[in-house]
Amino acid sequence: MGLENKIAEALPEVLTTRLDSLINWARKSSLWPATFGLACCAIEMMNATSSRNDLARFGSEVFRASPRQADVMIVSGRVSRKMAPVLRRIYDQMPEPKWVISMGACATSGGVFDNYAIVQGVDKIVPVDVYIPGCPPRPEMLIHAVMMLQEKVMKESVRDRRDVPEAEAREAVVPGTLPITDGSTARQNTLPESRPYTIASRHERRRSS
Amino acid sequence: MSTDQPIENSEAAPPPFVALLQREYPEWVGEVIAAFGEYTVVVPREHIVAACSFLKTSPETHFNFLADICGADRGPEEEPRFEVNYHLFSTTKHHRVRLKVLLNEEDTHVETVTGVWKTANWHERETFDLFGVIFDGHPDLRRILLPDDWQGHALRKDFPLRGYEPYSLK
């Protein structure tokens, strides 16, 4: 005597609900992440799927090696300047709807790596839905972020998702960044005259005060 | 080096291959620096390939392993400004030596040693990438660590820590 038999007895054959609720419920219950472990945060991300923490309870344990099969990109670790175009390309290859979790201090703000080699926050490249603090965050924090993302998904509407064709997304320029995709746009883009970065770094400000 | 052994001081006799170099090819040996039990031979730029080739092939030295090539920037005010260091090791004799080439800022060219050790290829690309040292005759002198469209050489002392504005993604 399974649950479905009880439901069949108790309920009529037709249910009415909002389409958004149904679709969002389906989406939030299987948020498949794209594997994007970049540094030590990735160790915690792997641990979140382990038997002790069991991210599968929230339908989010199937890490996909192909972005075509993924819904959410967990950027776990520092994004180097050289990795930035790769990350953007992976993001572009993910089908809509898609979400991004920025895991840890480095992905969120550059962290302690306030230098030329590290992108100072992955939100310079891709739009981020949930930020996780910590260095590194514990697996519980990642699970919490997934739950927050699920709440966010439930508030969305199918009418609000902009389903940008891929070619258009490839040409899109995120404000404050170079157009980083396949390199062809970077070549067309005439760079402004280079000059050293003028605003003092956090460490320099701390030293002078 | 284990801690119970005393650090060899600079007055100890140099290893035989240094004396051999000084005797056979005095024009290759600009200066011999001994420190912490390691020997550094400053080689004039035009002789580096010949010196490397000799040190590799000569049976007394047999430096068959190029452990590393690295650059160093002494600072924009220094003259000569750049160093290129070649760390050699012999897997049969078990001895080491460091060769050093000094370069002026205006003329950062040095002959490639990829013809002597093939592994020098990537080491030289790295030194070019980070210090801007041009290795003449290198088969494929491209950047290796920084992105292809990078401007400047990141480990130079006058390179700003946070890079240049179009690239800092701020």
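1. Starting with chain A: 29% of its 209 residues count as buried. Keep in mind while reading that this is a predicted model. The scores that come with it are ipTM 0.73 and pTM 0.74.

2. On to the make-up of chain A, which has nine helices and four strands. Read from the N terminus, the elements go α-α-β-α-β-α-β-α-β-α-α-α-α. Of the contacts in chain A with a separation of 6 or more, 79% are between residues 24 or more positions apart.

3. Now the sheet. The four strands of chain A form an open sheet in the order β1-β2-β3-β4, and the pairing is parallel. At the edges sit β1 (33-34) and β4 (130-132) of chain A, each with pairing on one side only.

4. Inside that sheet, five bridges link strand β2 (residues 72-76) of chain A to strand β3 (residues 99-103) of chain A, in the parallel sense. If you want a spot to look at, M73(A) is opposite V100(A) in β3(A).

5. Two helices to check against the sheet. Helix α6 (residues 139-155) of chain A packs on it, touching β2, β3 and β4 of chain A, and its direction makes about 165° with that of β4(A). Helix α3 (residues 41-48) of chain A lies across β2 and β3 of chain A and runs at about 135° to β2(A).

6. A word on confidence in chain B. Its mean pLDDT is 84, with 88% of the residues at 70 or more. Strand β4 (residues 82-89) of chain B has the highest mean, 94, while helix α4 (residues 165-168) of chain B has the lowest, 51.

Conventions. Residues numbered from 1 in each chain as written. Chains lettered and ligands numbered in written order. Predicted model: local features only at pLDDT ≥ 70, side-chain atom pairs only at ≥ 80, totals over all residues. pLDDT = per-residue confidence, 0-100. Pairing = 2+ DSSP bridges. Contact = placed C-beta atoms within 7 Å. Axes fitted to C-alpha atoms, helices over the stretch in contact; angles between N-to-C directions. Buried ≥ 20, exposed ≤ 12 C-beta atoms within 10 Å, placed from the backbone.
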